[in-house]
Amino acid sequence: MLTNQFTTDNADEKQTDTEKAADFQEARQFFTRNEDFNALSAATECIYPKDDNGPGAVELGVPYFIDKQMAGSWGTNARDYRHAPFIKFQQVESMKGKSEEQSPTNPPYVVKHSETELQRHQARLTRGEIFIEGLRKLNQESQKRFSAPFYEAEEEQQIEILKDMESGNIKLKGVAAENFFILLRRMTLEGAFSDPLYGGNRNLAGWKMKEFPGAQASYANIIEKDEFVKMKPVSLTNYQGH
Amino acid sequence: MATKLDKVDAVIVGSGWAGGIVAAELSKKGYKVVGLERGADKKSEDYIGTKDELRFSMRYEMMQDLTKETITSRNGADQTALPVRTNENAFLGTDTGGAGVHWNGHNFRYLPYDFEIYSKTVERYGKNKIPKGMTLQDWGVTYDDMEKYYDKYEKMAGISGEENPIGPYRSDKFPNPPMKDTPSIKLFKQAAKELGYHPYQIPSANVTQQYENPDGETINACVYCAFCETYGCDFGAKADPIITVLATAKKTGNYELRNDAYATKVIHDGEKATGVLYMDIRTGEEFEQPADIVVLAGFVFTNTKLLLTSKIGKPYDPKTGTGVIGKNFTGHFSNVTYLGARGYFKDKKFNSFAGAGALASTLDDFSGDNIDHSDLDFLHGFEPHIRVMGDRPIGNNHVPKGTPSWGREFKEKSLYYTNRNLYVDAQAAALPWAHNYLDLDPTYKDFAGNPLLRVTYKYSKQDIKLGQYAIKRAAEIMEKMGADIVDEDELPDDTQFNNSYPNSHNGGGAIMGTDPKTSAVNTYSQMWDMDNLFVVGSSSFPHFSNYNPTETIGAFAYRASEGMDQYLKNGSGLIEKPSV
């Protein structure tokens, strides 16, 4: 229990199995239009682009991760309080306050929320509907400005539109644009760094970039060590299968 | 029509630490006890192999099902309260063991100052130091009275700790040695000592060696697996109600826990409580469970809501300051309390992914009234700490201020600093105000058709000044720790309460005291207005200290259990009479 016996060599074998399985799991369950999904792919890649450190959102499987999430209970707000009355959208807009520029600075379980984000939770739209609304707006806006859908625009053009979305300079129906952006950014990071069982973090490449060891049984043997310890990451498939 | 069940000695709403301790103590004495838990049936096995950040930290698997019930929240009586619709803003415990199963295990005793906060403040600074509108009051019990209950709780939970060099009197040492040091904790301690402070290892319910508690329950040794605060323990190594008090209660054969049992009303005749009305969530059937004593041991919100919907006690009226149910609501909130400074180290890498919930160090130099408040524009204090909980990859993407929060530069820097950042933040006290309270919402209903509880809460100058002062101290420590970049959290003067409830640190609603005009229960958690009704948990805290509340909840649950035993023996009467 006190050693990292779970990072054994057969992790490699199972890795191969997971890769194969992934091939059959990358089909759309939620997004119906190619152009929506293409906009999603382009937007997440802008948020977390491929670079010398490693793969970006698309290569990590983030768009499929988001598609799966939207098809499930998160996308339909199945655990949320959804009773009426919902406040009217104009009221949501007028209640918008200053939004925080930084991502949460606190430990993960104390996630700070800007007031704008809080108002998102008063929206009538489900998260899935917010995504459809936001992604279609990306394409429309890009078509208007650059005569090309978002996913065919240049990276700088895409970034310009996303920045306008982030700052609320673009208007959406039923939800503040900032809130769509916050959700998009958050879910991009979730897809990059959650366990690969959800369809993102393909081949554990997200964790490898961060040198995160995954679901290790124990760190008792390294907790006091001064030097940085590199470990081969362990997925839940391996951890639970031990 | 509700089905009336056979009468028992005690019915307890809730199976968390408060309900669990009461269940264990009463059933050990031979009383027949029924527990009502609205959440699902869970055992330790349910938490094996659950190191899944998305499922537990981001999707809130262990938090309350808000489709059934939530709270509404607003900043002032002139506003319309809106429902807190998602778990992102409502970390409320549920299921067997309640929030006691998904906790980090930080254990603190409150200070002697806390229990006599009004008297000691007046004694040291005079009455004028207490600002108008701050409803500070003594608890009616002293630290010395509570010491034996703290000790009992620590032995039950196997708390692993190190003597606090400037802490209050202890009759005995911790049952287990403190958690290990890490390089980051060593840095913190060294810096704190250089600044003249007294750091120590935070007492932890992540137990450091296999331990058998006085009830005969075994808690395993923590393996530092880094999945604690929103997770159940994979190893049975974190003291929680399932492996300790609920197991003890079940062993006696006198305790029955009913899950999916949603309490909707305390049945009473105006003088005595006669039982609890509840709904089986799965079938919609209603049951009445009669009992000699009724114990409300749910969360602050549950306890207060049940008193209000059952029309027991006088509801608090913020306009006149009269009434007690709903009074003195307080809590630790994310945009004023857990603030501090993040340090970025250019050439130093930490094994940040490793940790344990309560693997942490703190210092008491700023707690309670340990600093002289004569020239400060706030009362009470904070405890700056470094916590090594294990940084998980979705939650740990910190970048120095000025860096974009997405895109190429963000990716580069967030990856570079993933294992090169440390955070010192402070948990600050929350003092009560006349304008902060709980009542029933006029509009929104729960799934059973009862009104939701409504929170009205506004930050005061006190909260902001205390928070700003704490941030500065955290930043000084971080500077001393040698970080190349020290980013202070921002807390502007006009910061508003964000209607977010990021943990289970809430108090008030049915507070204790010695005067029925200003308190709902006596220090045995017994209702003044109904002597066979006990309301246990942090709902009885008249204010919220700068410490995590669990150990104090546990200590008062032990004290309340003694009172219940005495009551059941006598058959009637107040264990403790009003002193005024």
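**Pockets, sheets and helix packing in a predicted model**

Helix 4 (62-71) of chain A and helix 2 (53-58) of chain B each supply at least two residues of the lining of the second largest pocket. Helices here are DSSP runs of H or I with at least four residues, strands are runs of E with at least two, and both are numbered from the N terminus. The structure is a predicted model, in which local features need pLDDT of at least 70 and side-chain atom pairs count only at pLDDT 80 or more, while totals for chains, interfaces and linings use all residues; side-chain values use heavy atoms, with hydrogens and water left out. Residues are numbered from 1 along each chain as its sequence is written, and chains are lettered from A and ligands numbered from 1 in the order in which they are written.

The volume of this second largest pocket is about 660 Å³. Arg79(A), Arg59(B), Tyr60(B), Glu61(B) and Met63(B) are the closest to its centre among the 38 residues that line the second largest pocket. Helix 2 of chain B makes the biggest contribution to this lining, giving 3 residues. Sorted by class, the lining of the second largest pocket holds 16 charged, 12 nonpolar and 10 polar residues. In this scheme Ala, Val, Leu, Ile, Met, Phe, Trp, Tyr, Cys and Pro are nonpolar, Asp, Glu, Lys and Arg are charged, and the others, Gly among them, are polar. A pocket is an open set of points on a 1 Å grid over the protein atoms alone, with protein on both sides within 12 Å along at least five of seven lines; a cavity is a set where a 1.4 Å probe fits but cannot get out, and lining residues have an atom within 4 Å of a point. Points are joined across faces, edges and corners, and a volume is the space filled by probe spheres set on them.

Turning to cavities, the count by this rule is 11 of 30 Å³ or more. The second largest cavity has a volume of about 350 Å³, and of its 24 lining residues the closest to the centre are Ser352(B), Arg387(B), Val388(B), Asp391(B) and Leu422(B). At least two lining residues of the second largest cavity come from each of helix 6 (183-194), strand 16 and strand 17 of chain B, with strand 17 of chain B providing the largest share, 3 residues. The lining of the second largest cavity divides into 11 nonpolar, 9 polar and 4 charged residues.

Two strands pair if DSSP finds at least two bridges between them; strand 14 (339-344) and strand 17 (421-428) of chain B are joined by 6, with Ala341(B) and Val424(B) as bridge partners.

Strand 4 (71-74) and strand 19 (451-456) of chain B run parallel and share 4 bridges, and Thr72(B) stands opposite Arg454(B).

Helix packing can now be considered. Axes are lines fitted to C-alpha atoms, for helices over the stretch in contact, and angles run from 0 to 180 degrees between N-to-C directions; contact means heavy atoms within 4.5 Å. Helix 4 of chain A packs with helix 9 (177-193) of chain A at about 110°, with the axes 9 Å apart. These two helices of chain A are therefore roughly perpendicular to each other, a label for 65 to 115 degrees, where under 35 is roughly parallel, over 145 roughly antiparallel and the rest oblique. Val62(A), Phe65(A), Ile66(A), Gln69(A) and Met70(A) in helix 4 of chain A meet Met187(A), Thr188(A), Glu190(A), Gly191(A) and Ala192(A) in helix 9 of chain A. In chain B, helix 1 (17-28) and helix 5 (143-157) pack at about 95° with axes 13 Å apart. Here Trp17(B), Ile21(B) and Glu25(B) meet Lys152(B), Tyr153(B) and Met156(B).
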